[in-house]
Amino acid sequence: MEARQRKPITVRLVLSTSQGNRINGSMWNKRSWRLALAAAGVVKAIGEKVETYGGRTRQSPVYELSRADMFHVLRHTYASTQLEAGESIVSVSEWLGHASPQTTLKHYAHFMPGAGKRGLAAMDEWFVQDPQPNVPEKSLGSRKAPNGP
């Protein structure tokens, strides 16, 4: 429901089609990314598909399918690398365009192996410091024995 209530926003696209529109992810995978992976020897062509559109026939190779080889994996690689480097979950969430940092945490929390370690290290350092009592002058710990009888 929240997604339907959000107002649309206009942004400048980093990559676009030749007509200036957004790139459809599945078409990018099919027509560009898999071709690049095949050229690099990452995936193999396992056949050929013949499609007819409006009287035009198009032959295209069929590649072995692997979700790990899809273009979207680059987005996950970026996010996981940023989080492993200690970047803020709020920043990564904003960069990915997630609705909230909770969405990012749900998908990427396992890429934050150092989460909590900085806080633990800070406390360890605090305990190791030369203990200088920080006791107010009028407290019980700083009372002097009275002079005289």
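This is a predicted model: local features need pLDDT of at least 70, side-chain atom pairs count only at pLDDT 80 or more; totals for chains, interfaces and linings use all residues.
Me: What is the overall pattern of the chain, read along the sequence?
Reply: The pattern is α-α-β-β-α-α-α-α, and the chain has six helices and two strands.

Me: How do you know that the length of helix α2 agrees with its number of residues?
Reply: Helix α2 covers residues 25–39, which is 15 residues. At 1.5 Å a residue they should span 21 Å, and the end C-alpha atoms are 20 Å apart, so the two values agree.

Me: Where does α2 bend, and what follows the helix?
Reply: The bend is at W33, by about 40 degrees. After α2 comes G41, with a positive phi near 80 degrees.

Me: What makes a residue of α2 count as buried, and which ones are?
Reply: The cut-off is under 20% relative accessible area. N29, W33, R34 and L37 are buried in α2. Their cover includes β2 (56–63) and α3 (73–84). Over the chain, buried residues make up 13% of the 149 residues.

Me: Why are α4 and α5 called roughly perpendicular?
Reply: Helix α4 (residues 89–96) and helix α5 (residues 101–108) pack at about 100 degrees, with axes 8 Å apart. Angles of 65 to 115 degrees count as roughly perpendicular, and therefore α4 and α5 are described that way.

Me: Which residues meet there, and how many are nonpolar, polar or charged?
Reply: From α4 come I89, V90, V92, S93 and L96, which meet P101, T104, L105 and Y108 of α5. Seven of the residues in this contact of α4 with α5 are nonpolar, two are polar and none is charged.

Key:
Residues are numbered from 1 along each chain as its sequence is written. Side-chain values use heavy atoms; hydrogens and water are left out. Helices (H or I, at least four residues) and strands (E, at least two) are DSSP runs, numbered from the N terminus. The expected span of a helix is 1.5 Å times one less than its number of residues. The bend at a residue is the angle between axes fitted to the seven residues ending there and the seven starting there. Buried means under 20% relative accessible area, exposed over 50%, partly exposed in between (1.4 Å probe, protein chains only). Contact means heavy atoms within 4.5 Å. Axes are lines fitted to C-alpha atoms, for helices over the stretch in contact, and angles run from 0 to 180 degrees between N-to-C directions. Angles under 35 degrees count as roughly parallel, over 145 as roughly antiparallel, 65 to 115 as roughly perpendicular and the rest as oblique. Ala, Val, Leu, Ile, Met, Phe, Trp, Tyr, Cys and Pro count as nonpolar, Asp, Glu, Lys and Arg as charged, and the others, Gly among them, as polar.
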